[in-house]
Amino acid sequence: MKLLFRARGPAAQTPYKLLSLLFLYPDECVIEARPEILEAVAQLPNSPQKDAVEEFCRYWASATPTVLARTYVETFDLQKRSGLYLSFYLHGDTRQRGMALLRLKRLYRAAGLVLDPKELPDYLPVMLEFAAAAPPGYGETILSEYRAALALIQRHLREIESPYSHLLDAIQAGQPALSPAEREHLGRLIANGPPSEQVGLEPFAPPEVMPAREARR
């Protein structure tokens, strides 16, 4: 099974870990682990999160690998409003995004987790795995900072009737409702998209947070 983090201790078995795996590109490793993942979903305690994950798994368990791969690419790679790199929605390709990426990487390191150098720290499966493996409260706090971005993705996935919308429902079920400021931010994102850099030509992220080689997307 592919792991995005190399944890110092065993990873906690939580809904966040399962959500992280379900948001990964359905390559051969993920497909081979499908029975194990479905069994773990069935063992989750009853909750709105479990209900949402099970709804997604009704699609995910029966679709062929070819359909899963095509749907994933069409959903997350070819649609700007449902990409899985969350800081882009808040900062666009700006200096602020670079600082946000650097902060995430440092938080992961402080929690004793080493990020796979092939991924950016704002990739949603990475953030969910962090929420599963980090000390209690760390992951939820980070995810809460990106609620407007998650709400935007959730809204778009519902509009296109994507089964992945149920996974966003599961994440949001574990979060408080959007604040007035976050709802206002979501409205701006819907109307205008992410911000853009107004001055300068420097790269959007410091070299120390860029992946060692280009990520899958």
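Predicted model: local features only at pLDDT ≥ 70, side-chain atom pairs only at ≥ 80, totals over all residues.
Let's start with K50, a lysine that is buried at a relative accessible area of 9%.

- K50 has a salt-bridge partner in E54, with 4.0 Å between the closest N and O atoms.
- Both residues sit in helix α4, 4 residues apart, or about one turn of the helix.
- An α-helix has 3.6 residues a turn, so residues three or four places apart point the same way.
- While K50 is buried, E54 is partly exposed at 26% relative accessibility.

**Pairs that link separate parts**
- E145 and R103 make a salt bridge too, their closest N and O atoms lying 2.9 Å apart.
- Because E145 is in the loop between α9 and α10 while R103 is in helix α7, this pair ties together parts 42 residues apart in sequence.
- E145 is partly exposed at 36% relative accessible area, and so is R103 at 37%.
- D169 pairs up with R158 in another salt bridge, with the closest N and O atoms 2.9 Å apart.
- Here D169 belongs to helix α11 and R158 to helix α10, so the bridge ties together parts 11 residues apart in sequence.
- D169 is partly exposed, at 23%, and R158 is partly exposed as well, at 48%.

**What helix α11 packs against**
- Helix α11 covers residues 165-173, and its buried residues are S165, L167, L168, A170, I171 and Q172.
- Those buried residues pack against α1, α4, α8 and α10.

Technical notes:
Residues numbered from 1 in each chain as written. Heavy atoms only, no water. Buried < 20%, exposed > 50% of the residue type's maximum accessible area, 1.4 Å probe, protein only. Helix = DSSP H or I, 4+ residues; strand = E, 2+ residues; numbered from the N terminus. Contact = heavy atoms within 4.5 Å. Salt bridge = Lys/Arg side-chain N within 4 Å of Asp/Glu carboxyl O.
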